[in-house]
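Please look over the sequence and the structure below.

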Amino acid sequence: MRRRKGQVEIVREYILVVEDDNDINHMLKELLEQHGYEVAQAYAGTEALLYMQGRKPGAVILDLMLPGRSGEEVLCAIKKRYPETGVIVSSALDGVHTRVSLLRMGADDYLVKPFDTEELLARLEAVLRRRGGSGQQGMGKGPSRKPQPGRVLEYKGIRIWQDDYLVQVDGQELALTKREFLILELLMGNPGKVFTKGNIYESVWNEEFLGEDNAVNVHISNLRQKLSKAHPGETYIRTVWGIGFKMD
């Protein structure tokens, strides 16, 4: 959809949500619309493919467990007919074999239910950028995004534009979720300082740390993987055993 605000044309990216659970489908629709996307809803595989005959979305968020045609069948049909359309598979299945199989079928990304909505938005933006869409909502806005003047942190080839939620490693933009960004910002703002999981959790989640949450470890692991892919061989975040983490 295109609309004009004054003399500036605003393009809203079109997303198709394919999910047979009514509550989840509507939750995703509301979330995406709140972040500036145009959304169509389908509750079965055949319905989704009919939608795509009429109008091709920039990306599809696809559940696996669908009535009638399975999510795997729908994924294969989309990639055969509309190879330029990005597909994010959403499923409660968490096995490595399942993920690898779907990625080989052509899925652009895979999210395990229940997922963090911020992570979904970040992954959607990344898929749209790779597929040539605007990816204009949220933190990342594509590799050609020009940083604006403001607060900048720099460390070992990483640059963070704090006001823009933009991260670059050796000049290449890195797609992070909001919490991954905040963790990296915290560590980079205090290089060499050791932060406990409690310090990180309370700073990033703004909640009391009860000592049992694995969220910090998961986000640190994801952040390390992304940094490693961007700059292989460089160690950025070091574990201080028995204490926490620090920027190496």
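This is a predicted model: local features need pLDDT of at least 70, side-chain atom pairs count only at pLDDT 80 or more; totals for chains, interfaces and linings use all residues.

Helix 7 and helix 8 are roughly perpendicular to each other, because an angle from 65 to 115 degrees counts as such. Their axes cross at roughly 85° and come within 10 Å. Helix 7 covers residues 197-204. On its side, Lys197, Ile200 and Tyr201 make the contact; on the side of helix 8 it is Ala215, Val216 and Asn217.

The protein has 248 residues, and 44% of them count as buried. It holds 8 helices and 14 strands. Among contacts with a separation of 6 or more, 54% join residues 24 or more positions apart.

**Helix 6 against helix 8**

Helix 8 (residues 215-230) also meets helix 6 (residues 178-188). The two axes come within 10 Å and cross at roughly 80°. This pair, too, is roughly perpendicular. Helix 6 brings Arg179, Glu180, Ile183, Leu184 and Leu187 to the contact. Helix 8 answers with His219, Ile220, Asn222, Leu223, Lys226 and Leu227. The residues of this contact divide into 6 nonpolar, 2 polar and 3 charged.

Is glutamate 180 buried or exposed? It is buried, because its relative accessibility is 2% and the cut-off is under 20%. Glutamate 180 lies in helix 6. Leaving aside residues up to four places away in sequence, it touches Ala175, His219, Asn222, Leu223 and Lys226. Glutamate 180 and isoleucine 220 are 40 residues apart in sequence, yet 7.4 Å apart in space, C-alpha to C-alpha.

**The largest pocket**

The largest pocket has a volume of about 1200 Å³. Its lining counts 35 residues, and the closest to its centre are Asp109, Glu119, Arg123, Lys226 and Lys229. Which elements each supply at least two residues of the lining? They are helix 4 (96-105), strand 7 (109-112), helix 5, strand 11 (172-173), helix 6 and helix 8. By class, the lining has 15 nonpolar, 6 polar and 14 charged residues.

**Helix 3 and its neighbours**

Helix 3 spans residues 71-81. Its buried residues are Gly71, Val74, Leu75, Ala77, Ile78 and Lys79. They pack against helix 2 (45-54), strand 5 (59-63), strand 6 (86-91) and helix 4.

Alanine 126 sits in helix 5 (residues 117-130). It is buried, with a relative accessible area of 10%. Histidine 35 is placed in the loop between helix 1 (22-34) and strand 4 (38-42). At 33% relative accessibility, histidine 35 counts as partly exposed.

| Pair | Apart in sequence | Apart in space, C-alpha to C-alpha |
|---|---|---|
| Alanine 126 and leucine 174 | 48 residues | 9.2 Å |
| Histidine 35 and leucine 121 | 86 residues | 8.6 Å |
| Glutamate 180 and isoleucine 220 | 40 residues | 7.4 Å |

Most residues other than glycine have a negative phi, and most peptide bonds are trans. Some places here depart from that pattern.

A cis peptide bond joins lysine 113 and proline 114, with omega at about -10°. Proline 114 is in the loop between strand 7 and helix 5.

Lysine 156 is not a glycine, but its phi is positive, about 50°. Its loop runs between strand 8 (152-155) and strand 9 (158-161). Lysine 156 is partly exposed, with a relative accessible area of 30%.

Aspartate 170 also has a positive phi of about 50° without being a glycine. This residue is in the loop between strand 10 (166-169) and strand 11.

Key
Residues are numbered from 1 along each chain as its sequence is written. Side-chain values use heavy atoms; hydrogens and water are left out. Helices (H or I, at least four residues) and strands (E, at least two) are DSSP runs, numbered from the N terminus. Buried means under 20% relative accessible area, exposed over 50%, partly exposed in between (1.4 Å probe, protein chains only). Axes are lines fitted to C-alpha atoms, for helices over the stretch in contact, and angles run from 0 to 180 degrees between N-to-C directions. Angles under 35 degrees count as roughly parallel, over 145 as roughly antiparallel, 65 to 115 as roughly perpendicular and the rest as oblique. Contact means heavy atoms within 4.5 Å. Ala, Val, Leu, Ile, Met, Phe, Trp, Tyr, Cys and Pro count as nonpolar, Asp, Glu, Lys and Arg as charged, and the others, Gly among them, as polar. On a 1 Å grid over the protein atoms alone, a cavity is a set of points where a 1.4 Å probe fits but cannot get out, and a pocket is an open set with protein on both sides within 12 Å along at least five of seven lines; lining residues have an atom within 4 Å of a point. Grid points are joined across faces, edges and corners, and a volume is the space filled by probe spheres set on the points.
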